[in-house]
Amino acid sequence: MTEKTSIGSFLLSVAGTRSCLLGLGMFALIDGQASAFTAYVSNEKSNTISVIDTDKFTVEKTIKVGQRPRGIELTKDEKFILVAVGDDDTIQMIDTRTYEVVATLPSGPDPELFTQDHTGKILYVANENDNTVTIIDVERRVPLGEVQVGVEPEGMGLSPDGKTLVVTSETTNMAHFIDTETRRIVANVLVDARPRFAEFKRDASEVWVSSEIGGTVSVIDPVKHEVGISITRDGKTGFVALGPANRIAVINGATHDVQKYLLVGQRVWHMAFTPDEKYLLTTNGVSNDVSIIDVANLRVIRTIQVGELPWGIAISQQ
């Protein structure tokens, strides 16, 4: 039997809106005091990165980057910010001390999202325009190969052991399972319309794939490669961004039921937790701001103005 978690009429109302994005994040609640971290927000229209102090909740600096920045991450050693500049067909490397662009990585056409392996030496990049995943050696800054996937790849999820990469193709409506050693597709799983994001649970028991038009989160068994429900009672909670519905759905990780909707800014795209998981930050593309969510109390506590069309977000670990 196939089961999916519905995320309600908020998402269903956005069918046909091509530019909106659905994101998915999962976490385990942790007690502890908050620390100051730095958040980096890519602003797609203003071609900048906003640097946010998460202690003061203020923008401390604005970095000029290439054309149409979207996917963004820090390298594992946090010496560089990596940002996909889609219209320049490359990944820029920015020094976190000087905030200067110091190098580029050779992605394919129109890089959108990417993820690193657990060593930080290999980068997997979803190239929307040529339906491929480019594999890059970060240290040598050279391409190692590519994998052909479905039409318009976007979401990237790496298993906890690093052996499986899941890539979603939003037009083919599939989640592609790639063996990272052989760099070959081992399974194609049909999901609902326009899958946007993929993420493994921390115990690797499930892969969650969010579908924008389908209005669901598909829960996939990563061994059988089947859509279904594999219930775990570990207390985890999922957060799903509902695009132009301007809300975050809070989902029970064990029962997969929607617990609550949180009102954020206009057209919420991506999200990231502070390392202590006290706060969840969301990028809101149309209102040009970032919402700050108090995770323990499930409420929005603040809004920060950033650049035009904020898209991706990455937060330092220290």
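User: Before we start, what should I know about how the model was treated?

Analyst: The model is predicted, so local features need pLDDT of at least 70 and side-chain atom pairs count only at pLDDT 80 or more, while totals for chains, interfaces and linings use all residues. Residues are numbered from 1 along each chain as its sequence is written, and side-chain values use heavy atoms, with hydrogens and water left out.

User: Let's begin with the inside. Which residues touch the most other members of the largest nonpolar core?

Analyst: General idea: in soluble globular proteins, nonpolar side chains tend to be buried together. A nonpolar core here is a set of buried Ala, Val, Leu, Ile, Met, Phe, Trp, Tyr and Cys residues joined through side-chain atoms within 4.5 Å. Buried means under 20% relative accessible area, exposed over 50%, and partly exposed in between, with a 1.4 Å probe and protein chains only. In this model the largest core has 16 residues, and Tyr124, Val133, Val147, Met156, Leu165, Val167 and Ile178 touch the most other members.

User: Which strands each supply at least two residues of this core?

Analyst: Strands are DSSP runs of E with at least two residues, helices are runs of H or I with at least four, and both are numbered from the N terminus. For this core, look at S11 (122-127), S12 (132-137), S14 (153-158) and S15 (164-169), each of which supplies at least two residues. S11 gives the most, with 3 residues. There is also a second, separate core of 14 residues, and Phe37, Ile52, Val290 and Ile304 are among them.

User: What does tyrosine 124 touch?

Analyst: A contact means heavy atoms within 4.5 Å. Leaving aside residues up to four places away in sequence, tyrosine 124 touches Leu113, Phe114, Thr115, Asp117, Val133, Thr134, Ile135, Met156, Leu165 and Thr180.

User: On to rings. How many aromatic pairs does the structure hold?

Analyst: Rings of Phe, Tyr and Trp (its six-membered ring) pair if their centres lie within 6.5 Å; planes under 30 degrees apart count as stacked, over 60 as edge-to-face and the rest as tilted. The structure holds 4 such pairs. One of them is phenylalanine 57 with tyrosine 279, edge-to-face at 5.4 Å centre to centre with 80° between the planes. Phenylalanine 57 sits in the loop between S4 (48-53) and S5 (58-64) and tyrosine 279 in S26 (residues 279-284), so the pair ties together parts that are 222 residues apart in sequence. Both phenylalanine 57 and tyrosine 279 are buried.

Another edge-to-face pair is tryptophan 269 with tryptophan 311, at 5.9 Å centre to centre and 80° between the planes. Tryptophan 269 belongs to S25 (residues 268-273) and tryptophan 311 to S29 (residues 310-315), so this pair links parts that are 42 residues apart in sequence.

User: Are those two tryptophans buried or exposed?

Analyst: Tryptophan 269 counts as buried at 6% relative accessibility, and tryptophan 311 is buried with a relative accessible area of 2%.

User: What lies over the face of tryptophan 311?

Analyst: A charge sits over a ring if NZ of Lys or CZ of Arg is within 6 Å of the ring centre and within 35 degrees of the ring normal. Here arginine 70 lies over that face, at 6.0 Å from the ring centre.
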